[in-house]
Amino acid sequence: ATLNPEQSSAVEHIEGPLLVLAGAGTGKTKVLTSRIANILLKGVYPSQILAVTFTNKAAREMANRVAKATNGRSDGIWLGTFHAIAVRILRSHAASVGLKPGFIIIDTSDQLRLLKQIILEKNIDEKKWSAKKLAGIIGSWKDKGLMPEKVSNGDIYDFGGHNVLELYKIYQNRLQSLNAVDFGDLLLYNLVLFQNYSDILKSYQQKFKYILVDEYQDTNLCQYLWLRLLAQGN
């Protein structure tokens, strides 16, 4: 009753793809959470719904709204940030990418510390070729869904007298030896799982009958590929 005709149309559209375009403050989150509630009220199991967003704050708000709209019948929905959902999947299949389930997730400061060690070991002038700059290069590759073996020759160049791709490889090997990942690895390793293990991908494609994405326009290439693979099932 509180939705306008356009919002109602989006909420009532259950089967097939749907894109909602609207400006700030026009009720997109309201539409998203109402649509989830409507899907649940149609008899769909909560565990068959995947809803992703970009911030923990947005995820908490969405979860609270859905719980309120369904009188608590939303327990079991896979609702969270891209990274939170990716962690959950990766912990279940860590061995398939050479990790142990208890892997640690390093923050930005630990990442820079590790890269600085590599730079010093290679006798690179850290004042000219900073760990922050190297982190940016590696991060951009990960945002494109590129493991070292998938980086094209055109993207390889000199970094302080060393091949920047070789530094990426050393960094990834160092992380793996520590049973650690950085934030970029979370979705990247999910992509590796889905692309290399068709049975794992198929299990999640069959599991998620409905996928909802908040702020879809902000997805990077890696997030888009991750979503696209999952959505190909239904």
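Which residue lies over the face of Trp78? It's Arg88, sitting at 3.6 Å from the ring centre; a charge counts as over a ring if NZ of Lys or CZ of Arg is within 6 Å of the ring centre and within 35 degrees of the ring normal. Before going on, keep in mind that this is a predicted model, where local features need pLDDT of at least 70, side-chain atom pairs count only at pLDDT 80 or more, and totals for chains, interfaces and linings use all residues. Residues are numbered from 1 along each chain as its sequence is written, and side-chain values use heavy atoms, with hydrogens and water left out.

Let's start with strand 1, residues 49-53. (Helices, H or I with at least four residues, and strands, E with at least two, are DSSP runs numbered from the N terminus.) Strand 1 is largely enclosed by the rest of the structure, because 5 of its 5 residues are buried; buried means under 20% relative accessible area, exposed over 50%, and partly exposed in between, with a 1.4 Å probe and protein chains only. Ile49, Ala51 and Thr53 cover one side, while Leu50 and Val52 take the other.

Strand 1 has parallel partners in strand 2, over 4 bridges, and in strand 7, also over 4 bridges. Two strands pair if DSSP finds at least two bridges between them. On the strand 2 side, Ala51 has Leu79 as its bridge partner, and on the strand 7 side Leu50 stands opposite Ile211. Strand 7 (residues 210-213) has a covered face, made of Tyr210 and Leu212, and an uncovered one with Ile211 and Val213.

Now for the rings. Phe, Tyr and Trp rings (the six-membered one for Trp) pair if their centres lie within 6.5 Å, with planes under 30 degrees apart called stacked, over 60 edge-to-face and the rest tilted. That gives 8 aromatic pairs. One of them is tilted: Phe54 and Phe82, 5.1 Å centre to centre with 55 degrees between the planes. This pair links distant parts of the chain, since Phe54 is in the loop between strand 1 and helix 3 and Phe82 is in helix 4, 28 residues apart. Phe54 is partly exposed at 28%, whereas Phe82 is buried at 1%.

Back to Trp78, which makes an edge-to-face pair with Tyr204 at 6.3 Å and 70 degrees. Ring pairs join Trp78, Phe194, Tyr204 and Phe208 into a cluster.

Finally, the salt bridges: a side-chain nitrogen of Lys or Arg within 4 Å of a carboxyl oxygen of Asp or Glu. There are 6 of them. Arg113 and Asp110 meet at 2.5 Å, N to O; being 3 residues apart in helix 5, they are separated by about one helical turn. Asp185 and Lys142 meet at 2.8 Å. Asp185 lies in helix 8 and Lys142 in helix 6, so the pair ties together parts that are 43 residues apart in sequence. Both Asp185 and Lys142 are buried.
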